[in-house]
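Please examine the sequence and the three-dimensional structure shown here.

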Amino acid sequence: MDSHKRVQASHSKSSKGNADPEILERGRTVEMSTSGVVESMRDEMEKILSEKLAVLQRQLEMTQQAIPPMKEMTNSWTSLQKISENVQALHKGLENMQVETKEDLHMLRAELEERVPKARNTPKRSESEENLLQVEDHAGFLKTQRYKVDVTLNADTAHPRLEVSEDGKSVNDTGVIRQVPNKEERFDSHIFVLAKEGYTSGRRYWEVDVGKRRNWMLGVASESVARKGTVTVSPKNGFWVIGLADGQEYWAHTDPWTRLTVSGRPQKIGIFLNISANKLSFYNVKKKLALYTFTNLGDSRLQRKFVPFFSTGSGVSVLDTEPLKIVQGFDDDD
């Protein structure tokens, strides 16, 4: 038994000390092969990740480049919305203008039917009468200038088409309905504007430079005249006014209208308000001649306030770009 155990122990030691070299070599080869595969897989993975990172970076750059056009598209859409709103507002304004135009034409037709017979029946003065009137006009005109007052336009009364200068000394028809505060005293249907000053007594004189305008109306209005809706310019409605229509005819807006005979085309109109005498006179400043006089400004026993009145003409007339200007210094040689 002991000998058998010794043989087995000897065989076991011999086996451990003399392992097969081929088997050992194969083990080392497998180990090296496994390490190489792992290294190769890692390189391949890094390559794939690098390519994906590059693709993502390019997509990010393309997205950043696309942002400004997207902003521009947003701005363009906002602009289109504003344009649509403006078109709707313009359409509404045109509809209102058509209604006003029809009303103006209706009034004009009625007034023309009344004024033509009176104009035809106006008696013609003799040459001696004309000369005498000119002398009287000249003398009377020189006296009126002593009562000069400083007149300033009230922008709060101006129709939305009218633009009053900052100093309140001129007014221009823009031809468009402007966005202005909705004031109770503002005219909304006729292209009128009043002065800030109003007079209840005494004598007042001012001049207006109408230049080469083809349309204008000047005079005074009662402070209580209607400001909203359609009104007829006449003494019974609180307006004492004369004007030029389409560069051809001068009219006093009486009931019915009175056609005026005017030599040349005055560029400055003098207006003399004599409340105590119940009169309003208009003058051709250059020639110092009277154009027309209203001899009845209503009941003189009542407390009345008269306000200088200005208009660039009818809303359907051809647009004049030249403003109406209040003369601040007299120049007899214009």
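Where is Asp246 found? Asp246 sits in the loop between strand S6 (239-245) and S7.

## Basis of the report

This is a predicted model, in which local features need pLDDT of at least 70 and side-chain atom pairs count only at pLDDT 80 or more, while totals for chains, interfaces and linings use all residues. Residues are numbered from 1 along each chain as its sequence is written, and side-chain values use heavy atoms, with hydrogens and water left out.

Strands are DSSP runs of E with at least two residues, and helices are runs of H or I with at least four, both numbered from the N terminus; two strands pair if DSSP finds at least two bridges between them.

Ala221 stands opposite Val307 in S12.

## Two hairpins

S6 and S7 run antiparallel and are joined by 4 bridges, with Ala245 opposite Glu249 in S7. The hairpin of S6 and S7 has 3 residues between the strands, and there Asp246 takes a positive phi near 55°. Asp246 has this positive phi although it is not a glycine.

S7 and S8 form a hairpin with 5 residues between them. These antiparallel strands are joined by 3 bridges, and the bridge partner of Ala252 in S8 is Thr258. The loop between strand S7 (249-252) and S8 holds Pro256. The peptide bond from Asp255 to Pro256 is cis, with omega near -5°.

## The sheet of seven strands

An open sheet of 7 strands has the order S1-S2-S13-S4-S9-S10-S11, again with antiparallel pairing. S1 and strand S11 (289-294) stand at its edges, each with a single partner strand, so one side of each is left without a neighbour in the sheet. The twist from one strand to the next averages 20°.

S2 pairs with strand S13 (residues 324-326) in the antiparallel sense over 2 bridges. In this pairing, Ser170 stands opposite Lys325 in S13.

## Salt bridges

The count comes to 5 salt bridges, each defined as a side-chain nitrogen of Lys or Arg within 4 Å of a carboxyl oxygen of Asp or Glu. One of them joins the side chains of Asp150 and Lys169 (2.6 Å, N to O). Asp150 lies in the loop between helix H3 (127-144) and strand S1 (162-164), and Lys169 in the loop between S1 and strand S2 (170-173), so the pair ties together parts that are 19 residues apart in sequence.

## Surface patch and cavity

Trp77, Leu80 and Ile83 form a nonpolar patch on the surface, with about 360 Å² of accessible area together. Such a patch consists of residues with over 30% relative accessible area and no salt bridge, its nonpolar side chains (Val, Leu, Ile, Met, Phe, Trp, Tyr) being joined within 5 Å; areas come from the Shrake-Rupley method with a 1.4 Å probe. Ile83 lies in helix H2 (residues 21-120).

There is 1 cavity of 30 Å³ or more, a cavity being a set of points on a 1 Å grid where a 1.4 Å probe fits but cannot get out. The largest cavity holds about 40 Å³ of space, its volume being the space filled by probe spheres set on the points. Its lining, made of residues with an atom within 4 Å of a point, comprises Arg161, Asp173, Arg213, Asn215, Thr312, Ser314, Ser317, Val318, Leu319 and Asp320.

Conventions. Patches are made of residues with over 30% relative accessible area and no salt bridge: like charges are joined within 9 Å, nonpolar side chains (Val, Leu, Ile, Met, Phe, Trp, Tyr) within 5 Å. On a 1 Å grid over the protein atoms alone, a cavity is a set of points where a 1.4 Å probe fits but cannot get out, and a pocket is an open set with protein on both sides within 12 Å along at least five of seven lines; lining residues have an atom within 4 Å of a point. Axes are lines fitted to C-alpha atoms, for helices over the stretch in contact, and angles run from 0 to 180 degrees between N-to-C directions.
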